[in-house]
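Please keep the sequence and the coordinates at hand while reading.

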Amino acid sequence: MQFKSHMDQALDEAQKAAERGEVPVGAVLVGPDGAVLAATGNRTREHSDPTAHAEILAIRQACATLGNERLTGCDLYVTLEPCPMCASAISQARIARVYYGAADPKSGGVAQGPRVFDHAQSHHTPEVYDGIAASACEDLLKTFFAQRRG
């Protein structure tokens, strides 16, 4: 099977999140066969739930679709470096590969901060690819926060 990036769809989900007043982060979870299992954006405000990050929602939806708590062989595309909570969930779900756009020096948990996958307690370490459509992901976040502060 030929590689196909799903970052454009993740960016669409991030834009929808921004339109809902949520921090614009989008995630797409793809099965081993290349089929999209879940596509969503942040919904922490909408759900009054601090765990309703795009990655967590996508993992929940994909697990429900597959009827399994493991997402072995699946790929996750997310517009922002996963936070420590999401990185831990990614590990617990046994996601094979994580592709993310913008780095998150303040709250990231993969290449920044606690580097969750580097710990011995991490049950599974996915392959990680960063900087995918980074400029577009960063621009969306910067625009969102500039409008909120403006």
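A residue is called buried when its relative accessible area is under 20%, exposed when over 50%, and partly exposed in between, using a 1.4 Å probe and protein chains only. The model is predicted, so that local features need pLDDT of at least 70 and side-chain atom pairs count only at pLDDT 80 or more, while totals for chains, interfaces and linings use all residues. Residues are numbered from 1 along each chain as its sequence is written, and side-chain values use heavy atoms, with hydrogens and water left out.

**Helix H3**
- Helices (H or I, at least four residues) and strands (E, at least two) are DSSP runs numbered from the N terminus, and H3 covers residues 54–66, which is 13 residues.
- From its first C-alpha to its last, H3 reaches 18 Å, close to the 18 Å expected at 1.5 Å a residue, where the expected span is 1.5 Å times one less than the number of residues.
- The buried residues of H3 include Ala-54, Leu-57 and Ala-58, and what covers the buried residues of this helix includes strands E1, E2 and E3 together with helices H2 and H4.
- After H3 comes Gly-67, whose phi is positive, near 65 degrees.

**Thr-40 in strand E2**
- Thr-40, found in strand E2, is buried, with a relative accessible area of 7%.
- Leaving aside neighbours within four places in sequence, Thr-40 is in contact with residues including Glu-13, Val-25, Ala-54, Leu-57 and Ala-58, contact meaning heavy atoms within 4.5 Å.

**Gly-34 in a loop**
- Gly-34, in the loop between E1 and E2, is partly exposed at a relative accessible area of 30%.
- Gly-34 and Ala-18 are 16 residues apart in sequence and 27 Å apart in space, C-alpha to C-alpha.
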